[in-house]
Amino acid sequence: MTGQDLDTLAYLRRARDLMDREYASPLDVAQIARASYMSQAHFSRQFRKAYGETPYAYLMTRRIERAKALLRRGDMSVTDVCMAVGCTSLGSFSARFTELVGATPTSYRRGDHAALETVPACVTKDLTRPMRT
């Protein structure tokens with residue numbers, strides 16, 4: 001790898017870390033690209049090349065991942081979870097959740113998650129990570 005490639009990866013990690021940390025904030029590609037010191041188009045191309053998905057898809061996966069954890073707790077409505085993870089449209093949130101998880105947010109919340117209570121959090125996170133098919 002050249003020094004430029006390593007710099008690009010470092011900038012992309014900076015942007016990815018921003019999405020991981022601020023997933024519930026209203027983030028857009030322009031704002032995330034600024035964190036990586038790249039233009040929007042270049043950032044989007046480089047991010048997809050490095051991580052295999054678009055920045056928006058990555059951000060939504062993080063949001064759905066967090067939504068799953070909140071829904072397993074069972075003490076929040078689907079609408080409250082939607083807003084807590086940074087989504088503004090319940091319909092879009094539900095559609096994306098269903099696409100990634102294979103169940104609606106309501107049916108996921110109603111599911112039996114007792115088996116996950118005895119598993120370490122790091123393993124639970126890996127087992128419940130939303131996957132694109």
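This is a short tour of the structure above, one selection at a time.

**Before you start.** The model is predicted, so local features need pLDDT of at least 70 and side-chain atom pairs count only at pLDDT 80 or more, while totals for chains, interfaces and linings use all residues. Residues are numbered from 1 along each chain as its sequence is written, and side-chain values use heavy atoms, with hydrogens and water left out.

**Stop 1: the whole chain.** Show everything as a cartoon. The chain has eight helices and zero strands; helices (H or I, at least four residues) and strands (E, at least two) are DSSP runs, numbered from the N terminus. Of the 133 residues, 37% are buried, meaning under 20% relative accessible area with a 1.4 Å probe and protein chains only. Among contacts (heavy atoms within 4.5 Å) with a separation of 6 or more, 57% join residues 24 or more positions apart.

**Stop 2: the core.** Now select M19, I32, F43, V81, V85, F93 and F97. They touch the most other members of the largest nonpolar core, which has 29 residues. Such a core is a set of buried Ala, Val, Leu, Ile, Met, Phe, Trp, Tyr and Cys residues joined through side-chain atoms within 4.5 Å. Colour the elements that give two or more residues to this core: α1 (3-21), α2 (29-35), α3 (40-51), α4 (55-73), α5 (78-84) and α6 (90-101). Which element gives the most to this core? That is α4, with seven residues.

Next, zoom in on I32. Leaving aside residues up to four places away in sequence, I32 touches A15, L18, M19, L27 and F43.

**Stop 3: where α4 meets α6.** Select both helices. Their axes, lines fitted to C-alpha atoms over the stretch in contact, come within 10 Å and cross at roughly 85 degrees. The two helices are therefore roughly perpendicular, a label for angles of 65 to 115 degrees between N-to-C directions, on a range from 0 to 180. Show side chains for Y56, M60, T61, I64, A67, K68 and L71 in α4, which meet F93, R96, F97, L100 and V101 in α6. The residues of this contact divide into nine nonpolar, one polar and two charged.

Stop 4: For C82, the nearest cysteine sulfur is that of C87, 5.0 Å away. Both are buried: C82 has a relative accessible area of 0%, and C87 has 7%.

Note on methods: Buried means under 20% relative accessible area, exposed over 50%, partly exposed in between (1.4 Å probe, protein chains only). A disulfide is a pair of cysteine sulfur atoms within 2.5 Å. Angles under 35 degrees count as roughly parallel, over 145 as roughly antiparallel, 65 to 115 as roughly perpendicular and the rest as oblique. Ala, Val, Leu, Ile, Met, Phe, Trp, Tyr, Cys and Pro count as nonpolar, Asp, Glu, Lys and Arg as charged, and the others, Gly among them, as polar.
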